[in-house]
Amino acid sequence: MKNYKSVLFLIAILVMTSCVQETHLKTINFKVDMRGLDTISNPGVRGQFTSPAWKELVSLTDENNDSIYEAKIEFQAAQYDIKFKFVNNDEYELQNQPNRSIKFEYQSENFTYEVVYNNPEAKTTKK
């Protein structure tokens with residue numbers, strides 16, 4: 001009886017550990033048009049892709065001074081999608097509206113995500 005329980009325990013461990021999904025590299029190039037904002041201070045993006053989720057700010061920069069702020073993130077993911085929002089002056093955009101989302105396929109992917117700050121419409125281009 002003792003061996004029977006040990007075998008069941010080992011089978012349970014094998015089943016649980018074999019259910020781990022393979023992760024794939026996701027690369028997202030964010031481009032956020034912030035023209036029209038009176039003040040731009042500490043622009044960034046927060047979401048499920050940081051650790052801990054939603055706590056870390058990924059800074060956006062404007063290297064060519066065109067008021068389109070950019071950041072590139074890379075992370076391993078097995079999930080179907082991520083949720084996120086852009087931030088300016090430590091305030092989230094799209095107040096009282098759903099989070100932004102990018103849906104994934106189960107493979108490595110490279111996206112460019114272009115948006116106007118505080119406008120829910122976005123253009124996602126897959127490379």
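The chain has one helix and nine strands. Both are DSSP runs numbered from the N terminus, with helices being H or I of at least four residues and strands being E of at least two. From the N terminus, the order of elements is α-β-β-β-β-β-β-β-β-β.

A word on the source. This is a predicted model, where local features need pLDDT of at least 70, side-chain atom pairs count only at pLDDT 80 or more, and totals for chains, interfaces and linings use all residues. Residues are numbered from 1 along each chain as its sequence is written, and side-chain values use heavy atoms, with hydrogens and water left out.

Now the overall numbers. Of the 127 residues in the chain, 33% are buried. Buried means under 20% relative accessible area, exposed means over 50%, and partly exposed is in between, using a 1.4 Å probe and protein chains only. The chain exposes about 8400 Å², and carbon and sulfur atoms supply 50% of that. These areas come from the Shrake-Rupley method with a 1.4 Å probe; for residues, only the protein chains shown count as cover. Next, contacts, meaning heavy atoms within 4.5 Å. Take those between residues at least 6 apart in sequence: 58% join residues at least 24 apart.

On to the sheet. It is open, has four strands, and runs β4-β1-β8-β9 with mixed pairing. Two strands pair if DSSP finds at least two bridges between them. The edges are β4 (68-77) and β9 (122-126); each has a single partner strand, so one side of each lacks a neighbour in the sheet. Neighbouring strands are turned by 15° against each other on average, direction ignored. For that angle, axes are lines fitted to C-alpha atoms, for helices over the stretch in contact, and angles run from 0 to 180 degrees between N-to-C directions.

Look at β1 against β4. They pair in the antiparallel sense over 10 bridges. Leu25 stands opposite Gln76 in β4.

Then Thr27. It lies in β1, residues 24-33. Buried or exposed? Thr27 counts as buried, at 6% relative accessibility. Its side chain makes a polar contact with the side chain of Glu74, at 3.4 Å. A polar contact is a pair of N or O atoms within 3.5 Å; within protein, one must be able to donate a hydrogen and the other to accept it, and residues adjacent in sequence count only if both atoms are side-chain atoms. Leaving aside neighbours within four places in sequence, Thr27 contacts Lys72, Ile73, Glu74, Glu109, Asn110 and Phe111.

Last topic: salt bridges. The rule is a side-chain nitrogen of Lys or Arg within 4 Å of a carboxyl oxygen of Asp or Glu. The count is eight. One of them joins Lys26 and Glu109, with the closest N and O atoms 2.7 Å apart. Lys26 is in β1 and Glu109 in β8 (residues 109-116), so the pair ties together parts 83 residues apart in sequence. Lys26 and Glu109 are both buried.

Lys126 and Glu105 form another, at 3.0 Å, N to O. Lys126 lies in β9 and Glu105 in the loop between β7 (100-103) and β8, so this pair ties together parts 21 residues apart in sequence. Lys126 is partly exposed at 39%, and Glu105 is partly exposed at 45%. Lys26, Glu105, Glu109 and Lys126 are linked in a network of salt bridges.
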